[in-house]
Amino acid sequence: MNKSLLSALALSLLLPVSAFAATAKPAAPAPMPAQSATTPMPGAAKPGMSMPAMRKVRINTAAAAELTTIPGVSTKFAAEIIKARPFRNSADLVKKVKGIGTNNVKKMLPMIDFS
């Protein structure tokens, strides 16, 4: 065997395991999840604002993926919303979409645009 290989092997047998742990590189941090256009960026609020400004989802033209960014809208509800279009207001939404109640629509209103 090579002399340097033998000395490295002998050295590794004499050193405690903790000596090797000190030379290990720390793991890389996990990547951040992608943000959608309607999701506020963390820390995006300006001083004096209670919540960051969010772009509203146009309920009459949005794709299913964008509709699911609205709180309380599942993929099932997104498909029902698309089938029942157009909507003039929140009462119209409650009437036309089976399963979406008044309380759910009240939670969704800050994120919905009926234009």
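## The two sides of helix α4

The buried residues of α4 (75–83) are F77, A78 and I81. Buried means under 20% relative accessible area, exposed over 50%, and partly exposed in between, with a 1.4 Å probe and protein chains only. Seen down the axis of α4, these buried residues fall within an arc of 105 degrees, so they line one face of the helix. The arc is that of the directions from the helix axis to the C-beta atoms. An α-helix has 3.6 residues a turn, so residues three or four places apart point the same way.

On the other side of α4, T75, K76 and K83 are exposed. The buried residues pack against α3 (64–67) and α5. Helices are DSSP runs of H or I with at least four residues, and strands are E runs of at least two, numbered from the N terminus.

## Basis of the model

This is a predicted model: local features need pLDDT of at least 70, side-chain atom pairs count only at pLDDT 80 or more, and totals for chains, interfaces and linings use all residues. Residues are numbered from 1 along each chain as its sequence is written, and side-chain values use heavy atoms, leaving out hydrogens and water.

## V97 and its contacts

V97 sits in the loop between α5 and α6 (102–108). At 2% relative accessibility, V97 counts as buried. Leaving aside residues up to four places away in sequence, V97 touches E80, I81, A84 and F87. Contact means heavy atoms within 4.5 Å. I81 and V97 are 16 residues apart along the chain, with their C-alpha atoms separated by 6.2 Å.

## A cis bond at P86

P86 lies in the loop between α4 and α5 (90–96). The peptide bond joining R85 and P86 is cis, with omega about 0 degrees. Most peptide bonds are trans.
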